[in-house]
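Here is a short report on one protein chain. It covers the fold first, then selected side chains and their surroundings.

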Amino acid sequence: LIPVWTISGNSLEFQLSLLRAKDYFLFGVLSLTSSFLVAMQVFIFSKARKKAVGSAVHGGLGTFSALFSGLLSTASCASCIAGILGFLGANTVFFILENQSYVTLGAILLMLLSLYFSSRRVLGLCPDCEIKS
């Protein structure tokens, strides 16, 4: 809040007016799916850590998908894109900024897919990847 107070003409109302209702909705959904995904991955990691190293490595694809969708979800923050995704190049950053809502929806879909596969692993619905207790 310090920049809001120190810059003249800047207020909380102005900062809130920069985003549309759709952006706030996408932020909420992104936050919920991210928190569920982190909680699920922590649970899987803690269960797999008690077992052999092979079972911990077995769920690497779900973890990679979670990390990739988390990185992709930075597209929801326009000021974060240049700093975090700058290694992709200027044209890619401009493309992501232009299609910010679609990229955020794609990140949410990837997170939901990761949640689906993680929940199958926890519930034992996947015989190849279930955590043996």
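From the N terminus on, the elements run α-α-α-α-α-α-α-α. That gives the protein chain eight helices and zero strands. The model is predicted.

Contacts come next. Take those in the protein chain with a separation of 6 or more: 63% of them join residues 24 or more positions apart. Buried residues make up 27% of the 133 residues. The accessible surface of the chain comes to about 9,000 Å². Carbon and sulfur atoms hold 71% of that surface.

**A nonpolar patch**

Part of the surface is a nonpolar patch. Its members are Leu12, Phe14, Leu16, Leu18, Leu19 and Tyr24.

**A salt bridge**

How many salt bridges does the count give? The count comes to one salt bridge. Arg20 and Asp23 form it, and their closest N and O atoms are 3.7 Å apart. The limit for such a pair is 4 Å, so the Arg20 and Asp23 contact qualifies. The two partners fall into separate accessibility classes: Arg20 is partly exposed at 49%, whereas Asp23 is buried at 12%. Buried means under 20%, so Asp23 at 12% belongs there.

**An aromatic pair**

A search of the whole structure finds one aromatic pair. Tyr116 and Phe117 form this pair, with 5.2 Å centre to centre and 65° between the planes. Why is the pair called edge-to-face? Planes over 60 degrees apart count as edge-to-face, so the 65° angle of Tyr116 and Phe117 puts the pair in that class. Tyr116 is partly exposed, with a relative accessible area of 43%. Phe117 is partly exposed too, at 46%.

**Accessibility of the residues discussed**

| Residue | Relative accessibility | Class |
|---|---|---|
| Arg20 | 49% | partly exposed |
| Asp23 | 12% | buried |
| Tyr116 | 43% | partly exposed |
| Phe117 | 46% | partly exposed |

Definitions and conventions: Residues numbered from 1 in each chain as written. Predicted model: local features only at pLDDT ≥ 70, side-chain atom pairs only at ≥ 80, totals over all residues. Heavy atoms only, no water. Phe/Tyr/Trp six-rings, centres within 6.5 Å; stacked < 30°, edge-to-face > 60°. Buried < 20%, exposed > 50% of the residue type's maximum accessible area, 1.4 Å probe, protein only. Patch = residues over 30% accessible without salt bridge, like charges linked within 9 Å, V, L, I, M, F, W, Y side chains within 5 Å. Areas by Shrake-Rupley, 256 points an atom, 1.4 Å probe, with all protein chains shown as cover. Salt bridge = Lys/Arg side-chain N within 4 Å of Asp/Glu carboxyl O. Helix = DSSP H or I, 4+ residues; strand = E, 2+ residues; numbered from the N terminus. Contact = heavy atoms within 4.5 Å.
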